[in-house]
Amino acid sequence: MRVKASPVVVTKRDVEVLTLIGLCKFMTTAQVARAIFPSEDRCRRRLRRLFDAGLVAVTLGDSASPNLYSLTKQGVAAVADHDLAVVPRLRLAGSIRLSAAPHALAVVDVRLYLAALEEHGEGELLAWESGSSGLAREAGLVDCRVEPDALVELRLGEGVRRVAVEVDCGTETATVLGSKFSRYVGPLRAGDVDEIWFVVVAGVKRQAHIAALAESAGVGRSVRVFAHEHTLARPVLPLPRGTSGDTKWGEAPNSGGSAMRIRDVQREVAANHPARDRRVVGRVVR
């Protein structure tokens with residue numbers, strides 16, 4: 001329940017929070033904190049103030065699920081007072097089935113990860129579009145009846161790569177995945193899509209299964225399979241090395257003994273890359 005409180009003075013950081021939530025539609029406290037705040041506790045207290053002021057709405061999860069924050073019309077108006085140009089890209093969330101929330105939130109995790117890669121000096125997120133956008137039509141995905149969770153353009157090294165992002169929560173059968181890979185063949189051969197990234201929530205065995213299906217479909221060298229956990233670590237971890245077709249399973253830092261390897265790589269990154277500005281909102285807007 002909202003409570004009466006003293007009026008909220010909307011700060012620059014509040015505008016970033018509202019913008020980020022409006023771009024991603026639904027977010028948790030942990031996700032907002034990872035992008036903007038130094039701690040979850042400070043983030044939680046500020047989100048509560050924004051909620052009481054009517055700038056964000058809360059969708060309650062069950063006892064095992066986090067609450068979801070979304071933007072209200074008042075929140076959009078607050079952003080418009082400071083940055084009118086971004087307003088057309090903000091979305092009012094509406095309703096969401098709680099069963100669909102884990103997948104939607106994992107997609108947001110990937111978006112935040114790709115935006116944060118620039119902090120590591122490894123990549124730059126140039127565009128993030130839906131799998132049914134004009135960019136997806138240009139890449140031939142709409143004609144091939146394949147709709148990834150996102151289609152992104154990244155500057156990696158000296159080149160720009162167009163990547164189809166698929167977040168896998170373990171619900172699709174081998175038949176469905178095989179059919180999906182077969183429909184990607186045309187755009188991959190035409191060079192309209194450079195890679196497919198499968199970000200897997202369901203564990204290492206599922207990662208190996210998806211990599212094997214990609215090999216069977218003849219697209220293994222264009223498919224990069226890695227753990228959802230990899231996208232959550234901060235300081236941000238580098239991209240997993242190689243694709244399923246040119247790397248032995250277990251060489252990437254997020255497979256095999258994944259939890260331990262991710263912690264090891266995270267410590268190495270922290271030692272060599274001091275903390276920088278955590279705010280990734282500008283890069284997410286792209």
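Partly exposed here means a relative accessible area between the 20% below which a residue is buried and the 50% above which it is exposed. With that in hand, here are some close-up views of this predicted model.

**View A. K25, a residue with positive phi.** K25 sits in the loop that links α1 (12–24) with α2 (29–35). Its phi is near 80°, a positive value, and K25 is not a glycine. Because its relative accessibility is 29%, K25 counts as partly exposed.

**View B. R145, also with positive phi.** Look for R145 in the loop between α6 (134–138) and β4 (150–156). Although R145 is not a glycine, its phi is positive, at about 55°. The relative accessible area of R145 is 63%, so this residue is exposed.

**View C. The cis peptide bond between R234 and P235.** The bond joining these two residues has an omega of about 5°. P235 belongs to the loop that runs between β7 (223–227) and α9 (258–272).

**View D. The largest nonpolar core, with L114 and V152.** This core has 52 residues, and L114 and V152 are those with the most contacts inside it. Helix α5 (residues 101–120) supplies the largest share, 10 residues. Setting aside neighbours within four places in sequence, L114 touches L125, W128, V152, L154 and W197, all by contact.

Note on methods
Residues numbered from 1 in each chain as written. Predicted model: local features only at pLDDT ≥ 70, side-chain atom pairs only at ≥ 80, totals over all residues. Heavy atoms only, no water. Helix = DSSP H or I, 4+ residues; strand = E, 2+ residues; numbered from the N terminus. Buried < 20%, exposed > 50% of the residue type's maximum accessible area, 1.4 Å probe, protein only. Core = buried A, V, L, I, M, F, W, Y, C linked by side-chain atoms within 4.5 Å. Contact = heavy atoms within 4.5 Å.
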